[in-house]
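Good morning, and thank you for making time for this item.

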Amino acid sequence: RIGALSGGYPHYIQVLGSHVVEAMKEGKKEVWAEAFRSYLIETNEYESVIGRAGHISGAQKKILTHMDSFGPITPKVIAKTSGVSTETIPVQLQRLTRHKVIHKVGRGEYEIVDRNVAEYIRLGNES
C-alpha cells in the first residue's frame, strides 16, 4: 500500500513507513488508517482530501473501492467487482474523471490518479 500510494518516491515511502511504525508502537488498532491520516496531516493534504472526497457519491465510492490501485481497469470489470450497474458505470466514471480522481487510459480503461482520495475512501473515512 505504501508503494502504491507513494508512487515509488523514496521520501514518501519513508514518511508513510515511519507513520506506520509509530502507529504500531502506539498500539493503534487501525495501523494503516492512523498512519495515512498522519501522513495527510504532515503533507498538509488532510483538509483537501476530505473536501474532495465529500464530492464523491456512494456509487462512485463503490467504484473507487473496487478499482485496481496498480493499473488500468475496464468498466466491465469495475461493474462485476463493485456491483454498480453497468448502465450507471459510464456516467460515474465521467464524474470521477471530472473530479480528477481517475482518468481514461488507452481504449476504455481507467486508472486512479488521486491515490490520496481513493485510499481515504477505501479506509471508510469519508463523512
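Predicted model: local features only at pLDDT ≥ 70, side-chain atom pairs only at ≥ 80, totals over all residues.

The buried residues of helix H8 are covered by elements that include H1, H3, H4, H5 and E2; contact here means heavy atoms within 4.5 Å. Helices (H or I, at least four residues) and strands (E, at least two) are DSSP runs, numbered from the N terminus. H8 is mostly covered, with six of its eight residues buried, and those six are Asn116, Val117, Ala118, Glu119, Tyr120 and Ile121. Buried stands for under 20% relative accessible area, exposed for over 50%, and partly exposed for what lies in between, with a 1.4 Å probe and protein chains only. Just after H8, glycine 124 has a positive phi of about 75°.

Residues are numbered from 1 along each chain as its sequence is written, and side-chain values use heavy atoms, with hydrogens and water left out.

Now to one of the helices that cover H8. Helix H1 spans residues 2–6 and contains leucine 5. Leucine 5 counts as buried because its relative accessibility is 11%. Beyond its neighbours within four places in sequence, leucine 5 is in contact with Leu16, Trp32, Phe36, Tyr39, Arg115, Asn116 and Glu119.

What is the overall fold pattern along the sequence? The order is α-α-α-α-α-α-α-β-β-α, which amounts to eight helices and two strands. The C-alpha trace spans about 45 × 30 × 25 Å along its principal axes, and 35% of the residues count as buried. Of the contacts between residues at least 6 apart in sequence, 54% join residues at least 24 apart.

Next, the interior. In soluble globular proteins, nonpolar side chains tend to be buried together. The largest nonpolar core here has 30 residues, and Ile63, Leu64, Met67 and Ile102 have the most contacts inside it. The elements that give two or more residues to this core include H2 (10–25), H3 (31–42), strand E2 (109–112) and H8 (115–122). H3 gives the most, with five residues. Such a core is a set of buried Ala, Val, Leu, Ile, Met, Phe, Trp, Tyr and Cys residues joined through side-chain atoms within 4.5 Å. Isoleucine 63, leaving out residues up to four places away in sequence, touches Ile78, Ser82, Val84, Ile89, Gln92, Leu93 and Leu96.

Finally, two loop residues. Is lysine 100 buried or exposed? Lysine 100 is exposed, its relative accessible area being 63%. It is found in the loop between H7 and strand E1 (102–105). Most residues other than glycine have a negative phi, yet lysine 100 has a positive phi of about 60°. Glutamate 30, in the loop between H2 and H3, counts as exposed at 57% relative accessibility. Its C-alpha atom is separated by 9.5 Å from that of leucine 123, 93 residues away along the chain.
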